[in-house]
Amino acid sequence: MTRPDDLVRLLRSGESARPRLIWYAPGERIELSGRVLATWAAKAADLLQQELDAEVGTRVGLVGTPHWRLIVWALATWNLGGTVVLDDDAGVDVLVLDGHRLGDLLHGGTWSPGDPATRGAEHVVALTRAALARRSPVALPDGVIDEAAILLTHADEMDPLDTAADDDTALVDDAATSSYADLVAAASPARAGAGDGTGGRDAPTRRHVPGSIPLAEVLRTAVATWATGGSIVLTDPEWEADQGGDPSAPAFARVLESEGVSAPRA
């Protein structure tokens, strides 16, 4: 049985130099090998554990449209045995969101731990989506962690202090709650299939995952695909619109074909 906290180890093993996540956004194509993706997740997990005292059961809220950096924070949370929370009304211990969104949430531009505007979080991490950014492009309130400025200073590998039980909660969203035992296993064969997209094992699947679907669905598709040795091509909604808005549009289809997408979109 593969659990979500197995994924960082799996991404580092075997053909770890092979791409496991390819990201398209306007003006961007980012390719992350298994080893690089696992390293990003380890850095985020090290930050969570060393600076934010995260542990088994810590609730980490992720806010925003699907992006490769949000996937990194989900992997980091699971690596520690925490719970990824995607329900916008649920309380959390740590909140990870785009830095520019903080201004929409906070009144007066200030923040303090436990602020109801950030769902009672004791810690807030401001995400920067630009690939090469080394600091947030927007001013952040005192106490908010600038992910772009600090993440690269953390360790490339880390050991969690404890391990989640099978029945501990791995993912909470508006529609469902998944445990560590069932998050990967509950994925449908169509979502998790490897090989030619029909469940065969001739070659690892490369699956298109549109960023226009809910983040919970993106995460479930990603973990199921990685657990079977596959990879994903994640596309930003703005990029999708620029390519005709549908994978069957000629420009869109050419990109997916060039990337070797071998399974239907999520």
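Select β8 and strand β9 (residues 177-179): the two pair in the antiparallel sense over 3 bridges. Two strands are said to pair if DSSP finds at least two bridges between them. Helices (H or I, at least four residues) and strands (E, at least two) are DSSP runs, numbered from the N terminus. This is a predicted model, in which local features need pLDDT of at least 70 and side-chain atom pairs count only at pLDDT 80 or more, while totals for chains, interfaces and linings use all residues. Residues are numbered from 1 along each chain as its sequence is written, and side-chain values use heavy atoms, with hydrogens and water left out.

**The strands**

Stay on the hairpin that β8 and β9 form, with 4 residues between them. Pick Thr169 and look across to Ser179, its bridge partner in β9.

**The nonpolar cores**

Now select Trp78. Its contacts (heavy atoms within 4.5 Å) take in Pro4, Asp5, Val84, Ala170, Tyr180, Leu183, Leu219 and Val223, leaving aside residues up to four places away in sequence. A nonpolar core is a set of buried Ala, Val, Leu, Ile, Met, Phe, Trp, Tyr and Cys residues joined through side-chain atoms within 4.5 Å. Buried means under 20% relative accessible area, exposed over 50%, and partly exposed in between (1.4 Å probe, protein chains only). The largest nonpolar core has 57 residues, and those with the most contacts inside it are Leu62, Trp73, Trp78 and Trp226. Then select Val63, Leu95, Leu97 and Trp111, which are among the 13 residues of a second, separate core.

**Val218**

Move to helix α7 (residues 215-227) and pick Val218 within it. Val218 counts as buried because its relative accessibility is 0%. Beyond residues up to four places away in sequence, Val218 touches Pro66, Ile71, Val209, Pro210, Ile213 and Leu234. For a distance check, draw a line from the C-alpha of Val218 to that of Ala117: the two are 101 residues apart in sequence and 26 Å apart in space.

**Arg12**

Go to helix α1 (residues 7-12), where Arg12 is placed. Is Arg12 buried, partly exposed or exposed? At 27% relative accessibility, Arg12 counts as partly exposed. Its side chain reaches the backbone oxygen of Asp156 at 2.6 Å, a polar contact, that is, a pair of N or O atoms within 3.5 Å; within protein, one must be able to donate a hydrogen and the other to accept it, and residues adjacent in sequence count only if both atoms are side-chain atoms. Residues touched by Arg12, not counting those up to four places away in sequence, are Gly34, Arg35, Ala38, Thr39, Ala42, Asp156 and Glu157. Arg35 is 23 residues from Arg12 along the chain, with their C-alpha atoms separated by 4.8 Å.

**Positive phi**

Select Asp53, in the loop between α2 and β3 (59-63). Its phi is near 60°, a positive value in a residue other than glycine. With 62% relative accessibility, Asp53 counts as exposed.

The last stop is Arg119, in the loop between α4 (102-105) and β6 (123-127). Arg119 is not a glycine, but has a positive phi of about 60°. At 15% relative accessibility, Arg119 counts as buried.
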